[in-house]
Amino acid sequence: RGEVMFVGWIPQLAKGYWVGVKLDEPSGESNGSIDGVKYFEAQEKQGLFVWPKELTVGDYPEVDPFGGDDEI
């Protein structure tokens, strides 16, 4: 889960549009930057760049860390 923070071209990556996501949990690959270029603000390991087709967008409620296993 996360928030879309960037949509656009990133010269350091393959051609095409990329989506920068600020993740709720530190399970990403970056802090919102690539090769020293900052695309959005995020804590270390809470940024991720993905192809648009890899996203599922919606209005998801926050996960209760003390909730049951049935909450995703």
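Reader: Is Asp35 buried or exposed?
Author: Asp35 is exposed, with a relative accessible area of 68%. Buried means under 20%, exposed over 50% and partly exposed in between, with a 1.4 Å probe and protein chains only. This is a predicted model, where local features need pLDDT of at least 70 and side-chain atom pairs count only at pLDDT 80 or more, while totals for chains, interfaces and linings use all residues. Residues are numbered from 1 along each chain as its sequence is written, and side-chain values use heavy atoms, leaving out hydrogens and water.

Reader: What is the phi of Asp35?
Author: Asp35 has a positive phi of about 50°, although it is not a glycine.

Reader: Which other residue has a positive phi without being a glycine?
Author: Lys45, at about 70°. Lys45 is partly exposed, with a relative accessible area of 42%.

Reader: Changing topic, how many aromatic pairs?
Author: Rings of Phe, Tyr and Trp (its six-membered ring) pair if their centres lie within 6.5 Å; planes under 30 degrees apart count as stacked, over 60 as edge-to-face and the rest as tilted. By this rule the count is five aromatic pairs. Among them, Trp9 and Tyr17 form a tilted pair, 5.2 Å centre to centre with 45° between the planes.

Reader: How exposed is Tyr17?
Author: Tyr17 is partly exposed, with a relative accessible area of 47%.

Reader: Which residues do ring pairs link into a cluster?
Author: Phe6, Tyr39, Phe40 and Phe49.
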